[in-house]
Amino acid sequence: MKTKHCPYCGSSVIEERYRGHFHKFDASHGPFDFDVCQDCGAGFCNPMPSPEQLRFFYANYESGMPEEYRHAMNESEESSWHTQIAKDLVRLARIHNLPEGFAWMDIGAGAGEIACQLQTLLPRSAGTCLDLHEPPEGVSKKGISWMSGDINGNFSQDIPKRFNLVYASAVLEHVISPRDLITNCLALTDRGGLLYMFCPDYSSLASKVMGTRWPYYLPGEHLTLPTVGAIHRCLESIRDSGRVGIASVTVRRKRISYAMRYMLFALGLHSVRRYLPFDFSLKFPTGCLELIVKKA
Ligand SMILES: [Zn+2]
């Protein structure tokens with residue numbers, strides 16, 4: 001059923017943007033309509049795919065990502081955005097004086113790429129991952145705990161532990177209710193701890209210039225596409241609910257390091273990619289943002 005309210009700010013001023021689009025790599029997934037909130041600028045599938053549709057779609061995925069995508073990404077693991085996010089998390093932990101050997105949680109961990117890198121960079125820290133599937137081999141080998149569960153819904157209720165750092169990288173855009181995801185992540189964050197999220201920015205220049213060719217426009221997979229304003233308004237309403245104490249909020253645009261081969265793959269330039277003599281990474285203004293919340 002179609003929603004009349006923006007999943008980020010709750011506004012009912014919604015405009016139809018695209019009609020009847022199918023997923024770019026799985027032509028059987030769809031059709032989907034895509035609407036845009038006129039108040040905060042967020043875009044979203046309307047109606048959302050059904051739980052059955054999502055189950056069927058992800059059943060064809062290996063650890064939450066199409067296999068050919070993961071292959072293109074693994075070709076350049078060292079220069080990948082996973083490595084950049086892991087290093088950024090270490091920097092963030094230092095800036096905010098998180099205790100030595102602190103506890104962290106990776107929400108929607110996928111194949112555990114960031115988690116494994118973070119554990120390598122911070123061997124004394126205690127990591128836990130949450131995602132729908134069984135733990136990937138690499139994660140278990142690193143001694144990282146794994147919880148299998150759905151990140152849609154009130155998953156924090158079943159987790160008694162609190163963490164100094166909770167992060168969800170490239171996850172917010174995949175869930176039906178971004179507000180519920182942020183609320184649950186904050187519930188798992190310890191007092192004085194940090195929540196970090198990285199996701200596409202629908203207010204970015206890249207999204208405006210590229211339109212439906214923007215790689216993050218993936219109908220039926222990226223269920224919502226937030227903007228800097230949408231995240232701010234979502235957090236304001238969570239703060240106003242009085243259930244979570246928030247000390248500070250930072251939402252800012254972020255350039256992310258992508259390997260050239262992966263980038264050409266994502267843009268569908270397969271023939272150019274085949275002839276690239278060697279790989280290298282660049283920080284592309286692909287249109288992403290990061291959210292850093294310090295809990296009171
Ligand atoms: Zn909105």
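Asn 184 lies in helix H6, where helices (H or I, at least four residues) and strands (E, at least two) are DSSP runs numbered from the N terminus. The model is predicted: local features need pLDDT of at least 70, side-chain atom pairs count only at pLDDT 80 or more, and totals for chains, interfaces and linings use all residues. Residues are numbered from 1 along each chain as its sequence is written.

Asn 184 counts as buried because it has 24 C-beta neighbours inside 10 Å; a residue is buried if 20 or more other C-beta atoms lie within 10 Å of its own, exposed if 12 or fewer, and partly exposed in between, with C-beta atoms placed from the backbone. Leaving aside residues up to four places away in sequence, Asn 184 touches Asn 154, Phe 155 and Ser 156, contact being defined as C-beta atoms, placed from the backbone, within 7 Å. Phe 155 is 29 residues from Asn 184 along the chain, and their C-alpha atoms are separated by 6.8 Å.

Two packed helices are described by the angle between their axes and the distance between the axes. The axes of H6 (residues 178–188) and H8 come within 10 Å and cross at roughly 55°; axes are lines fitted to C-alpha atoms, for helices over the stretch in contact, and angles run from 0 to 180 degrees between N-to-C directions. H6 is therefore oblique to H8, since angles under 35 degrees count as roughly parallel, over 145 as roughly antiparallel, 65 to 115 as roughly perpendicular and the rest as oblique. On the H6 side, the contact is made by Pro 178, Arg 179, Ile 182, Thr 183 and Leu 186, and on the H8 side by Cys 234, Leu 235 and Ile 238.

The buried residues of H8 are Ala 230, Ile 231, Arg 233, Cys 234 and Leu 235. After H8 comes Gly 242, with a positive phi near 75°.

The strands give a further element of the picture. E1, E2, E3 and E9 form an open sheet in the order E1-E2-E3-E9, with antiparallel pairing; two strands pair if DSSP finds at least two bridges between them. The edge strands, E1 (14–21) and E9 (224–225), each pair on one side only. Two bridges join E3 (residues 43–45) to E9, and Gly 43 stands opposite Leu 225 in E9.

Arg 252 is found in strand E10 (residues 246–259). Arg 252 is exposed because it has 10 other C-beta atoms within 10 Å. Arg 252 touches Leu 289 and Glu 290, not counting residues up to four places away in sequence.

Methods:
Contact = placed C-beta atoms within 7 Å.
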